[in-house]
Amino acid sequence: MEVPILKQRDVLIATFQAALSDADLSQLRSGLLQQVIRFRSRGVIVDVTAMDVLDSFASRTLREIAHMIRLRGAETVIVGIQPEVAFAMVQLGLTLQGVATALDLEEGLAYLNQKFEKVQ
Amino acid sequence: MSYGEIQVAINSDQDIILARQRGRALATQLGFAHCDTTLIATAISELARNIVSYARSGEITLKAVNGGNRQGLAIIASDRGPGIPDVPQALRDGFSTSGSLGMGLPGVRRLMDEFEITSQPGQGTTVVTKKWKH
């Protein structure tokens, strides 16, 4: 399944769909990192608004994406985790520790811009 | 009203998605609140993932259950994989034999209302877990 990745200046925005298989998620992880390198992006927003389930594999993949991109010197923010999805994640013990999250795309962009300003 | 049983063969990561979609659809049909349908779908996802990771293939059965004056949904995850030698240990948080995730079973137990597991080394594992409508 194709995941649209939008480039907006320094930021890449990846919008995840509802039914991503493990293989899709793993492919995305490497695909996103390649795009970050190609475009010299400074920030990545992963929009999971459409995802109706974030299980242990999806959470781990999101965490890996954020950590890999941080090693590259860019920032990742996960946006749009639905309230009931967040509830299920906490019950499962999945906290996305060390990964930035924001309410929605707008808040995510604001978070990244704030980060960029601090660096300059 | 009868909804019968839904069986989903679990052989690959694609089947994990199918199983949780079927489970959510059944939960919605049974009148579960949206939040609970997400908990049920997440539990199915973890159980199906265990089958793919540890046993390679198995089956998820979903069915409506009645207990006294309440209605619920049961998930039965069964495989004929290697089995779990130490079940109490597998139910403790942070334990994993594959060294990867290790929060599958205790997490599923927290997501659902009832949880039973039987496992025979060399024979396979069956998990029966239920969620009741509130």
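## Helices across the sheet

Axes are lines fitted to C-alpha atoms, for helices over the stretch in contact, and angles between N-to-C directions run from 0 to 180 degrees. In this predicted model, α2(B) lies across β1, β2, β3 and β5 (124–132) of chain B. The direction of α2(B) makes an angle of about 15° with β3(B).

A further helix, α1(B), lies across β1, β2 and β3 of chain B. Relative to β1(B), α1(B) runs at about 165°.

## The sheet of chain B

Strands of a sheet pair through backbone hydrogen bonds, either parallel or antiparallel. In chain B, five strands form an open sheet with antiparallel pairing, in the order β1-β2-β3-β5-β4. From one strand to the next, the twist averages 15°.

Within this sheet, strand β2 (residues 58–67) of chain B runs antiparallel to strand β3 (residues 70–79) of chain B, and ten bridges join the two. For B:Lys63, the bridge partner in β3(B) is B:Ala74.

## The contact with chain A

How many residues of chain B are in contact with chain A? There are 20, and they meet 17 residues of chain A. On the side of chain B that touches chain A, α1 (13–29), α2 (34–55) and α4 (104–111) of chain B each supply at least two residues. The largest share, nine residues, comes from α2(B). By class, this side of chain B has seven nonpolar, seven polar and six charged residues.

Technical notes: Residues numbered from 1 in each chain as written. Chains lettered and ligands numbered in written order. Predicted model: local features only at pLDDT ≥ 70, side-chain atom pairs only at ≥ 80, totals over all residues. Contact = placed C-beta atoms within 7 Å. Helix = DSSP H or I, 4+ residues; strand = E, 2+ residues; numbered from the N terminus. Nonpolar A, V, L, I, M, F, W, Y, C, P; charged D, E, K, R; others polar. Pairing = 2+ DSSP bridges.
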